[in-house]
Amino acid sequence: MKLISVVLTLIILGWSVNAIAIPVNSPEYWQLLKELAKNRQLWRLQNINNYQFTYQQQCFCVAPGNIPLKVAVKNDKITQVVDLKTNQTIPNLGFPKTIDQLFQILEKAIQSKADEISVTYDSTLGYPTKIAIDYQKILADEETNYLAKDLIKIK
């Protein structure tokens with residue numbers, strides 16, 4: 001409760017509560033952009049449009065968030081999602097993200113100067129295997145992690 005009072009006071013006084021953002025000219029900012037471009041290019045060189053992988057979005061959100069999912073993608077569009085805990089098909093094809101969408105999420109987080117971003121890439125295919133984003137460290141429960149693994153090309 002005390003923290004909320006302090007934050008509200010800072011906002012009322014016009015102070016910025018987002019003071020820890022990645023500065024645009026910082027080495028970290030440019031390194032994130034450089035790694036993103038390098039790995040996105042590596043992914044595109046694979047020319048994989050049909051694939052399946054395990055996807056999980058870790059967040060303070062409702063299901064199917066926090067549930068590992070098997071996602072099938074054909075022609076860069078999600079065609080099937082299966083809950084790996086129940087082996088049931090999930091009708092909401094809009095929840096999980098394709099690999100290209102994960103790159104877009106990461107790029108937007110970098111451009112919006114999220115307070116904390118960490119990313120790990122698959123060294124062979126270039127796709128992001130873990131993206132952790134905390135847009136505002138001062139806010140609780142808005143952090144999101146995206147996990148992608150076990151990607152295989154399908155026909």
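Start by selecting glutamate 107: at 25% relative accessibility, glutamate 107 counts as partly exposed. Keep in mind as you click around that this is a predicted model.

**The partner of glutamate 107.** Arginine 40 and glutamate 107 form a salt bridge, with 3.3 Å between the closest N and O atoms. Arginine 40 sits in helix H2 and glutamate 107 in helix H3, so this pair ties together parts that are 67 residues apart in sequence.

Is arginine 40 buried or exposed? Arginine 40 counts as buried, because its relative accessibility is 15% and the cut-off for buried is under 20%. Show what surrounds the side chain: leaving aside residues up to four places away in sequence, arginine 40 touches Phe103, Gln104 and Glu107.

**Along helix H2.** Stay on this helix and pick glutamate 35 and lysine 38. Their side chains meet in a salt bridge, at 3.6 Å from N to O. Both residues lie in helix H2, 3 residues apart, which is about one turn of the helix. Glutamate 35 is partly exposed, with 22% relative accessible area.

Hide the side chains and switch to a cartoon view. How many strands form the sheet, and in what order? There are 6, forming an open sheet in the order S3-S2-S1-S6-S5-S4, and the pairing is antiparallel. Find the edges by selecting strand S3 (77-83) and strand S4 (116-121), each of which pairs on one side only. Look along the sheet and you can follow the twist, which averages 20° from one strand to the next.

**Helices against the sheet.** Bring helix H2 (residues 27-46) back into view: this helix packs on the sheet, touching S1, S4 and strand S6 (144-153). The direction of helix H2 makes about 30° with that of S4. Then colour helix H3 (residues 99-111), which also packs on the sheet and touches S1, S3, S4, strand S5 (128-134) and S6. For helix H3, the angle to the direction of S5 is about 35°.

Zoom in on strand S1 (residues 51-58) and strand S2 (residues 69-74). These two run antiparallel and are joined by 5 bridges.

Notes: Residues are numbered from 1 along each chain as its sequence is written. This is a predicted model: local features need pLDDT of at least 70, side-chain atom pairs count only at pLDDT 80 or more; totals for chains, interfaces and linings use all residues. Side-chain values use heavy atoms; hydrogens and water are left out. Two strands pair if DSSP finds at least two bridges between them. Helices (H or I, at least four residues) and strands (E, at least two) are DSSP runs, numbered from the N terminus. Axes are lines fitted to C-alpha atoms, for helices over the stretch in contact, and angles run from 0 to 180 degrees between N-to-C directions. Contact means heavy atoms within 4.5 Å. A salt bridge is a side-chain nitrogen of Lys or Arg within 4 Å of a carboxyl oxygen of Asp or Glu. Buried means under 20% relative accessible area, exposed over 50%, partly exposed in between (1.4 Å probe, protein chains only).
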